[in-house]
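Please work through the following exercises in order. Each task is followed by a worked solution.

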Amino acid sequence: MSKTPIVLTIAGTDSGGGAGASADLKTFASIGAHGTCAITSVTSQNTTGVLSAFNLPPQVVKDQIDAVCTDMDVRWAKSGMLASPEIVSAVAECIKKYDLLLVVDPVMAAEAGGDLLTNDALSVMRDELLPLCMVVTPNTDEASALSGIVIKNRDDAKLAAKAIADMGVPNVIVTGGHLDASDVVYESKHDSFTVISGEFIKGGTHGSGCTYSAALTAYLAHGNSVVDSAKYAKRFVEHAIRESVSIGTGVAPVNQVAHIRKNAARYEVLDETRRAVEMLTGCRSFADLVPEVGCNIAMAVPDASDVHDVAAVSGRIAKLKGKAVNVGCVEFGASSHVARIILAAMQFDNNIRASVNIKYSLEVLEICKNLNLTISSFDRAEEPEKTSTMDWGVTYAIKEYGSVPDIISDAGGIGKEPMIRVLGKSALDVAKIAVKIAKEFDEL
Ligand code: PXL
């Protein structure tokens, strides 16, 4: 088997870029498969629903499958929106002709509303396409429509899965997004059920069904078993929902690539933060800028959402025998304090991804001014109850200034050391500023 399997999606388009073929192709690419497509219908769609659908002639659907399959070694395909009975029949013919291993996502309606399959197409799907497929992935509504069984609990889902398998399908996965977030996998070969548990994830779900079945297809094409592929596909779609971004007024589409991009950035962020720590600890004058409570320098991955997306020194940088020394190593989730500063600033400017805290003094603030750094501050005495000081203070200082300044200071409070925080785009950027300030301070 080639390292990069070639997979085919037979699906409709969504002009809003959330579901259908675009979701499938992004998913394939994310899982290391080469995606090809045969478009069945062009839907004019946004996050609020389907405005119209223009079905392509069945011959054009066949032509696309012919073009791909006569040139490339496609083994696995998935079908999504098939729209009409004629398209379902045309697809069934091609599946037989090219002996494709097929995953059927029995798409009936769009997440945001709108029919994507006619009633007479549903019976053709049941009679002609399901007996040709390897796996079918209905959600509970679709499983009910296919089996005639009302699904209210997991036992109903199992009954429906078995009834669908009796239509000639070797593997049925009833996805439980609408029930209890767990998926029921029925393998008729072993007459066995596997329940794959999951959790309800907060986020938009537009395109989640397409993404799930596309992920399943790609994992199968890599040679994984049905149950393993179902587990991996579930995790994939959970990440995609968690990373969904609200792009319109309706249901937000899932984001297949954000999780991968974040992970890809982790190495770079760790490496840069380590180099920034070396720069600070290697600077003789920096020791005098280490606050009593210690210093930390942190950097976030792009689009960070919590402290685990922010790298910092575990145990902080301390002043020991006149030198700045890192107590622990650089890790994600190592600082909640400086991480919160960055996360609060990122709410205003996504490009601000790093910060370091240094010792407060009027002299240091004067140096910052002379270096033409922009400065804002907050007063702990004005902090409302039950807030996180970093969230509130940083937000306050940014709002006061009108954008994210280079420096945010506060003059302290009872039992709270005053502090200066340098903010910037990267750990090395803020470390360079801190070193500049330290050298000026040394010369005073
Ligand atoms: O998620 C099912 C689906 C499939 N195909 C197209 C869609 C949708 C849902 O919106 O628009 C084209």
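**Exercise 1.** What distance separates the centres of domain 1 and domain 2, taken over C-alpha atoms?

*Solution.* The model is predicted, so local features require pLDDT of at least 70 and side-chain atom pairs pLDDT 80 or more, whereas totals for chains, interfaces and linings use all residues. Residues are numbered from 1 along each chain, and side-chain values use heavy atoms, without hydrogens or water.
1. Domain 1 spans 6-256 and domain 2 spans 262-442, with bounds from an automatic or database assignment.
2. The two centres are 47 Å apart.

**Exercise 2.** Which residues surround the ligand?

*Solution.*
1. The surrounding residues (a heavy atom within 4 Å) include Gly-12, Thr-13, Gln-45, Glu-111, His-206 and Cys-210.
2. In the side chain of Gln-45, an N or O atom is 2.7 Å from a ligand oxygen.
3. On its own the ligand has 310 Å² of accessible area (Shrake-Rupley, 1.4 Å probe), and the protein covers 97% of this area.
4. The shell divides into 6 nonpolar, 5 polar (Gly counts here) and 1 charged residues.

**Exercise 3.** Which helix gives the most to the lining of the second largest pocket?

*Solution.*
1. A pocket is an open set of points on a 1 Å grid where a 1.4 Å probe fits, with protein on both sides within 12 Å along at least five of seven lines; lining residues have an atom within 4 Å of a point.
2. Here 22 residues form the lining, with Arg-316 and His-337 among those nearest the centre.
3. Helix H10 (337-346; DSSP helices have at least four residues) gives the most, 3 residues.

Note on methods:
Helix = DSSP H or I, 4+ residues; strand = E, 2+ residues; numbered from the N terminus. Polar contact = N/O pair within 3.5 Å; in protein donor to acceptor, adjacent residues only side chain to side chain.
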